[in-house]
Structures are given as structure tokens and as C-alpha cells.
Amino acid sequence: MSRWTLLFCIVALASASVFFSLGVWQLDRLQERQTSNATIAHQRLNHVVPVRELPRDTGQAHYRGVVADGRFDYEHELVFANRTRRGSPGVELLTPVRIAGTDTAVLVNRGWVYSPDGGSVDRTRWREGDSAHVSGYVELFTTEPMPAPSADPRIMRRMNRAAIQARVPYPLAPFYLVLVGDTTDLTHPARRDLPQLGEGSHRSYALQWFSFAVIAIVGAGIAVRRDRQSRTSGIA
């Protein structure tokens with residue numbers, strides 16, 4: 001075998017190994033997505049419950065449908081900045097709801113409103129009354145650290161519970177609610193859509209990487225065969 005053929009085969013087989021690993025990684029991602037979808041679907045099948053009846057384990061509460069009754073605290077409302085919707089810049093309004101009979105409030109994502117700079121908004125324009133009877137699903141706070149603070153302390157760029165708790169003078173629940181409902185009603189912020197349960201492109205990407213691995217191996221085999229044929233012809 002010539003030196004160049006040997007070098008080509010080494011590169012081809014190394015590439016095939018990398019391609020195969022990437023294909024396996026995509027299958028792992030697909031399995032993670034399927035597991036997550038199964039969890040969401042299971043949680044959605046559970047009956048909608050009052051927020052005070054949610055399990056203490058936030059993992060078991062995640063994506064559960066809930067209702068909450070209390071009072072909106074607009075004085076301590078926050079703004080989740082840089083949230084786009086259908087290509088338009090905007091923000092989401094995060095309003096604490098004081099639950100009757102407890103000192104703990106639940107942060108409620110009331111939905112998206114237009115904001116040209118993705119930060120400033122007339123919050124009074126979007127108030128929905130003092131009494132709160134809301135329905136949505138449970139979402140968990142992120143553990144990602146906050147970026148550099150904004151000049152406006154109401155503006156949040158991460159759903160980080162510690163950072164949000166520092167801006168509210170009473171305890172917050174370890175999760176927040178995302179309201180769902182009519183997204184075309186202009187009398188309130190546009191509610192979020194329910195999380196999508198698609199599998200994404202992981203399966204097709206895996207097949208693509210496995211195909212590249214097969215092509216690399218076949219290419220190495222063709223190179224070896226041609227090298228042998230060339231040497232055989234030279235001897236003849």
C-alpha cells in the first residue's frame with residue numbers, strides 16, 4: 001500500500017469514527033427530547049390543581065396545569081426583557097400574585113407586549129385589575145447567572161430566582177406560572193403558547209452523520225482496492 005493511500009485511509013477511518021460519535025450523540029439528544037416530551041405529556045394529563053396543592057418537589061410540579069387566586073402586586077412587577085414574538089421585539093410582564101392565607105407569593109408571567117427597544121414599556125397600560133384568577137402551567141427558574149445589571153432594577157434578563165427574590169419584599173414560590181389563553185385579545189398581554197412536543201431534527205441529523213461515516217469507510221475501501229489494482233498492473 002502506498003504512503004498516500006495509507007494516509008488517506010487513516011484520515012477516512014478517523015473521520016468515520018468522529019461521524020459515528022456525532023450520530024450517537026444525536027440519538028442521545030433524541031432520547032433526552034423524547035423523555036422530556038413524555039414528562040410534559042404526563043404532567044398535562046394530570047388534573048389542573050390550585051397552586052397551593054402542587055407537590056413540594058418542583059420536578060413533579062413542572063408543567064402541571066394550575067389555577068391561582070389572589071391579588072396582583074403591580075408595585076413589584078418586573079419586566080423580562082428582550083423577548084421576541086413573531087419577529088417583533090418586546091418584553092414579558094412578571095407580576096407577583098399574593099395568595100390569600102399565606103405570606104408566599106407566586107410570580108406570574110402574564111405574557112408578551114410590544115416594546116421597540118425590548119426593555120421599556122408602559123406597564124400601567126397592561127394592568128388587568130387587582131383581583132387575580134389566573135390559569136397556566138408551572139415553569140422552573142433558571143440557575144444561569146445574571147448578566148450585568150440594567151440601569152432599571154425592574155428589568156430582568158434571566159429568570160433567576162435569587163435575583164428576582166432580591167427585588168420582592170416577601171417570599172416567592174420556588175417556581176413561577178406561565179399564563180396561557182387567547183393570544184389575540186389585546187386587552188391583556190399576549191399569553192404564551194404551550195410548550196411544543198416535537199422531536200426536532202435529531203433523528204435526521206443522526207442518519208446524516210451515520211451516512212458520512214459509511215461514505216468515509218467505503219471511500220477507504222475503494223482507495224485500498226485501487227491501490228492494489230495499480231500495484232498488480234505494475235507487476236504485470
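# Words and cut-offs in a predicted chain

Modeller: W4 is found in helix α1 (residues 3-45). The model is predicted, so local features need pLDDT of at least 70 and side-chain atom pairs count only at pLDDT 80 or more, while totals for chains, interfaces and linings use all residues. Residues are numbered from 1 along each chain as its sequence is written, and side-chain values use heavy atoms, with hydrogens and water left out.

Colleague: What makes a stretch such as residues 3-45 a helix?

Modeller: A helix is a DSSP run of H or I with at least four residues, and a strand is a run of E with at least two; both are numbered from the N terminus. The protein chain has four helices and eight strands. Along the sequence they follow the pattern α-β-α-β-β-β-β-β-β-α-β-α.

Colleague: Why is W4 called exposed?

Modeller: Its relative accessible area is 62%. Exposed means over 50%, buried means under 20%, and partly exposed lies in between (1.4 Å probe, protein chains only). W4 is therefore exposed.

Colleague: Is F212 buried, partly exposed or exposed, and how do you know?

Modeller: F212 has 35% relative accessible area, so it is partly exposed. F212 lies in helix α4 (residues 202-235). F212 and F19 are 193 residues apart in sequence, but 6.3 Å apart in space, C-alpha to C-alpha. For the whole protein chain, 37% of the 236 residues count as buried.

Colleague: Why do D130 and R71 count as a salt bridge?

Modeller: Their closest N and O atoms are 3.6 Å apart. A salt bridge needs a side-chain nitrogen of Lys or Arg within 4 Å of a carboxyl oxygen of Asp or Glu, so the pair qualifies. This pair links distant parts of the chain, 59 residues apart: D130 is in the loop between β5 (105-114) and β6 (131-140), and R71 is in strand β2 (residues 65-72). Both partners are partly exposed: D130 at 44% and R71 at 47%.

Colleague: How many salt bridges does that rule give?

Modeller: The count comes to eight. One of them joins E92 and R83, with N to O at 3.8 Å. E92 has 6% relative accessible area, so E92 is buried. R83 has 28%, so R83 is partly exposed.

Colleague: What makes E128 and R110 a salt bridge, and where do they lie?

Modeller: Their N to O distance is 2.6 Å. E128 is in the loop between β5 and β6, while R110 is in strand β5, 18 residues apart. R110 is buried, with 0% relative accessible area. E128 is partly exposed at 28%. Both also belong to a network of salt bridges that links E77, R110, R123, E128 and R191.

Colleague: What makes a pocket a pocket, and what lines the largest one?

Modeller: On a 1 Å grid over the protein atoms alone, a pocket is an open set of points with protein on both sides within 12 Å along at least five of seven lines; lining residues have an atom within 4 Å of a point. The lining of the largest pocket is V51, R52, L54, P55, R56, I99, T102, T104, V106, A173, P174 and F175. Strand β8 (residues 172-179) gives the most, with three residues.

Colleague: How do the lining residues divide by type, and what is the volume of the largest pocket?

Modeller: They divide into eight nonpolar, two polar and two charged. Ala, Val, Leu, Ile, Met, Phe, Trp, Tyr, Cys and Pro count as nonpolar; Asp, Glu, Lys and Arg as charged; the others, Gly among them, as polar. The volume is about 330 Å³. That is the space filled by probe spheres set on grid points, which are joined across faces, edges and corners.

Colleague: Why is Y63 called buried?

Modeller: Y63 has 17% relative accessibility, so it counts as buried. Y63 lies in the loop between α2 (58-61) and β2. Y63 has a positive phi of about 75°, although it is not a glycine.

Colleague: What is the phi of N82, and where does N82 lie?

Modeller: N82 has a positive phi of about 55°, and it is not a glycine. N82 lies in the loop between β3 (78-80) and β4 (90-99). At 48% relative accessible area, N82 is partly exposed.

Methods:
On a 1 Å grid over the protein atoms alone, a cavity is a set of points where a 1.4 Å probe fits but cannot get out, and a pocket is an open set with protein on both sides within 12 Å along at least five of seven lines; lining residues have an atom within 4 Å of a point.
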